[in-house]
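Visitor: I'm new to this structure and would like a close look at a single part of it. Could you pick a spot and walk me through what surrounds it?

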Amino acid sequence: TVTTLNEPKGVDFATSTSSLYVVDGRNHRVVTYTFLSLGTSTLHNGMPASYGLGQPNFTSTSYGLTEASLDYPLGVTYDTGNDLLFVVDGSNRVLVYDVREINNGESAIGVLGQASFTTSTSGATVTTLNDPKGVDFATSTNSLYVVDGRNHRVVTYTFLSLGTSTLHNAQQGQGYFTELSTATGNQGTVSYELYSGALPTG
């Protein structure tokens, strides 16, 4: 229900939104408790969850293999810089949710460890997992660490951070753009340009 849990497996707290994320294992979901402030005015015994991921509502307990369902989740971590939630589940995968505007039963935006949302293949390669058990995110390096249980390893996914603090000089009225350097890593090569209209003429 909205106030009960069944075999919770892990938690993480997002200070930016005052939200507690709880892995509710046997209910195949992650529930969110959102506090207006950490005080007795909002935190109380038996308080209801605010949102749930992995189920369409607070009374469903079915498991599944889609972008909107979970299969016995085991770990959760929150990326404060990008408002992303990473959830490890029993289908040898890590689901990625955008929780800027979280909704009940919302779909994941990405998956790690699988080629699609509907596969659960295990493996010991650079792109697969076998019985992952836990997860944590390091904001300082933009890296996700996953405990890959049956492969007896911890794998790291380092995400490219796109950003620039300066744009090059230009004349008034001239088209304005800058090109960032090509970045190459284990996940491929990225090169791109950022455009920003024209400088004002006045």
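Guide: Let's start with L95. Setting aside residues up to four places away in sequence, L95 touches S69, L70, L85, F86, V87, D89, A108, G110, V111 and F117. Keep in mind as we go that this is a predicted model.

L95 is also one of the residues with the most contacts inside the largest nonpolar core, which has 17 residues. Y21, V30, L85, V87, Y97 and V99 are the others named for that. Four strands each supply at least two residues of this core: β2 (19-24), β5 (75-79), β6 (84-89) and β7 (93-98). Apart from this core lies another, of 13 residues, with V88, L112, L144 and V146 among them.

Now for the sheet. Four strands form an open sheet, in the order β5-β6-β7-β8, and the pairing is antiparallel. At the edges are β5 and β8 (110-112), each of which pairs on one side only. On average, neighbouring strands here are turned by 20° against each other, direction ignored. What holds such strands side by side is that strands of a sheet pair through backbone hydrogen bonds, either parallel or antiparallel.

Is T77 buried or exposed? T77 counts as buried because its relative accessible area is 1%, and the cut-off for buried is under 20%. The side chain of T77 makes a polar contact with the side chain of D136, at 3.3 Å. Not counting residues up to four places away in sequence, T77 touches D12, L84, L85, F86, V135, D136, F137 and L144.

Strand β10 (residues 143-148) pairs with β11 in the antiparallel sense, over six bridges, and D148 has R153 in β11 as its bridge partner.

On β10 we also find V147. V147 counts as partly exposed because its relative accessibility is 37%. Leaving aside neighbours within four places in sequence, V147 is in contact with D131, P132, K133, G134, R153 and V154. V147 and V88 are 59 residues apart along the chain, and their C-alpha atoms are separated by 9.4 Å.

β2 and β3 pair in the antiparallel sense over six bridges, with S19 standing opposite T34 in β3. The two strands form a hairpin with four residues between them, and H28 in the turn has a positive phi of about 55°. Strand β3 (residues 29-34) is mostly covered, with five of its six residues buried. β3 also pairs with strand β4 (residues 51-53), again in the antiparallel sense, over three bridges. There, V31 stands opposite G52 in β4.

Key. Residues are numbered from 1 along each chain as its sequence is written. This is a predicted model: local features need pLDDT of at least 70, side-chain atom pairs count only at pLDDT 80 or more; totals for chains, interfaces and linings use all residues. Side-chain values use heavy atoms; hydrogens and water are left out. Two strands pair if DSSP finds at least two bridges between them. A nonpolar core is a set of buried Ala, Val, Leu, Ile, Met, Phe, Trp, Tyr and Cys residues joined through side-chain atoms within 4.5 Å. Buried means under 20% relative accessible area, exposed over 50%, partly exposed in between (1.4 Å probe, protein chains only). Contact means heavy atoms within 4.5 Å. A polar contact is a pair of N or O atoms within 3.5 Å; within protein, one must be able to donate a hydrogen and the other to accept it, and residues adjacent in sequence count only if both atoms are side-chain atoms. Axes are lines fitted to C-alpha atoms, for helices over the stretch in contact, and angles run from 0 to 180 degrees between N-to-C directions.
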